[in-house]
Amino acid sequence: MRLRAGVLLGAGIAVGLALPPAAHLLATAGGLHIARALADDRPGTDAATFHMLDLFGTVFERVRTDYVHPVASDDLVHNALNGMVSGLDPHSAYLTPKQFNERQTQISGHFGGLGLEVQQTDGLITVISPIDETPAARAGMKPGDLILGIDGKSVEGMTLNEAVERMRGPPDSTVSLTVKRSTVPAPLELKLTREVIHVPVVKSAMYGRTVYIRLAEFDAQAEAELHAAWSKLQGQAGGHPDGLVLDLRNDPGGLLDQAINICDDFISSGEVVSTRARHETDSQRWYAKGSDMTGGLPVVVLVNGGTASASEIVAGALQDHRRALVVGTRSFGKGSVQTLMPIGDDGGLVLTTALYYTPSGRSIQASGILPDIPVKEEHGEQDMLPDREGDLIHALKQPTNTPPAATHTELPAAMSAIPNEPPTSWPKFDRTKPATDFQLQQALKVVAAMQPTTDAAR
């Protein structure tokens, strides 16, 4: 099981003042550091800040002495820190030392569990993406599924970390999930067998003369494996493929540098992505400085509601630069940057520190990437809630100064005729049978429609 952390850019207590007893208690837990930071940023708020810290100390002491069962002071402080940070947005979190170590293990790309990217929404656990070739994917779990129970126990009242820990376990052990899906009236009971998760980053195939590359995640090897797949299939096409379908559906993101490098593989110059932070000095811009590995061949990018974070950066950059047509459904809208911050021996923070913007100045946050050619996976598929970033509790809103989406509005007749959903006679989607993948089949048609009229023209 993986916590949804988006793109981690990887990345402190002062005492000694005379304070009332409750405030002194907070000083030992870092409260004084917070108070000073607030006082520095907002002159004149010292009294209000210390009043709230005094309130915290009063509640802390009342719970510690009068709660029906004894509770360790460390647990009370950890719970308070978790509540303070998790109330900011869906992706910020305080991590205990154990959780911090587990998060570092997750970033390595090898972990035990089910193979799910998840987030907490209104107390329930929402599936963002199942990871390819994992127990969750094989069980048919989908973006937007709500996990209501784990091994018969309701997740209501659990923190996200607690729910994830329950879903983790030794390889070959089993776990039962109670799942609510918007298109199914009754909850589903799924039994999954845990395993050590190794994310297969790239899958590829040739369809006719079109190269198909599926990128499952932006790990440290993503660009290298993309190049290897392209070179291999380009060779199978005699050095002259017709184009590329880059499948970013259910790709939850990963490393920012890999997203930038992959943009470089299609864009030779210009801005790729920018981040805007609270302080202008912390904002950054990245520019393409590569060359188009396809030599200008038609490119179609497939996206859906599980396309998030780094994958949205790539889709947005290629769309803004008019380098690719985007096909599918609106992406997830994970447009915030999280920084993993260690706090000495006391765990760490995952803290939202900036927002992503596409080259045209669009914020990805809460809006996602809109496809140039909308195509649904299933007939009658609805954009149900809650299944995207903007539907999550405490989700940051899209900045008000964001320009409109830069989709391709003028398309050749052949592309404009692409249906936006499969007919009722279309076979049920089976991920192991490409012929049943309606979005993929339409993407292949778009590549064909982008071809010159003759080989000579190419």
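Reader: Is Gly253 buried or exposed, and at what relative accessibility?
Author: Gly253 counts as buried, at 3% relative accessibility. Buried means under 20% relative accessible area, exposed means over 50%, and partly exposed lies in between, with a 1.4 Å probe and protein chains only.

Reader: What kind of model is this?
Author: This is a predicted model, where local features need pLDDT of at least 70, side-chain atom pairs count only at pLDDT 80 or more, and totals for chains, interfaces and linings use all residues. Residues are numbered from 1 along each chain as its sequence is written, and side-chain values use heavy atoms, with hydrogens and water left out.

Reader: Back to Gly253. Where is it?
Author: Gly253 sits in the loop between S13 and helix H9 (256-264). Helices (H or I, at least four residues) and strands (E, at least two) are DSSP runs, numbered from the N terminus.

Reader: What does Gly253 touch?
Author: Leaving out residues up to four places away in sequence, Gly253 touches Glu217, Phe218, Ala308, Ser309, Ala310 and Ser311. Contact means heavy atoms within 4.5 Å.

Reader: How far apart are Gly253 and Ala308?
Author: They are 55 residues apart in sequence. In space, C-alpha to C-alpha, Gly253 and Ala308 are 5.6 Å apart.

Reader: And H9, how many of its residues are buried?
Author: Seven of its nine residues are buried, so H9 is mostly covered. Among the buried ones are Leu256, Ile260 and Asp264. The cover includes helix H8 (222-236), H10 and strand S19 (348-357).

Reader: New topic. What is the strand order in the open sheet of six strands?
Author: The order is S11-S12-S13-S16-S17-S20, with mixed pairing. Two strands pair if DSSP finds at least two bridges between them.

Reader: Which strands stand at the edges?
Author: Strand S11 (202-207) and strand S20 (373-374) do. Each has a single partner strand, so one side of each is left without a neighbour in the sheet.

Reader: How do S13 and S16 pair?
Author: Strand S13 (residues 243-247) and strand S16 (residues 299-303) pair in the parallel sense over four bridges. Leu244 stands opposite Val299 in S16.

Reader: Last one. At what angle do H3 and H4 cross?
Author: The axes of helix H3 (residues 46-66) and helix H4 (residues 73-86) cross at roughly 135 degrees and come within 11 Å. That makes H3 oblique to H4. Axes are lines fitted to C-alpha atoms, for helices over the stretch in contact, and angles run from 0 to 180 degrees between N-to-C directions. Angles under 35 degrees count as roughly parallel, over 145 as roughly antiparallel, 65 to 115 as roughly perpendicular and the rest as oblique.
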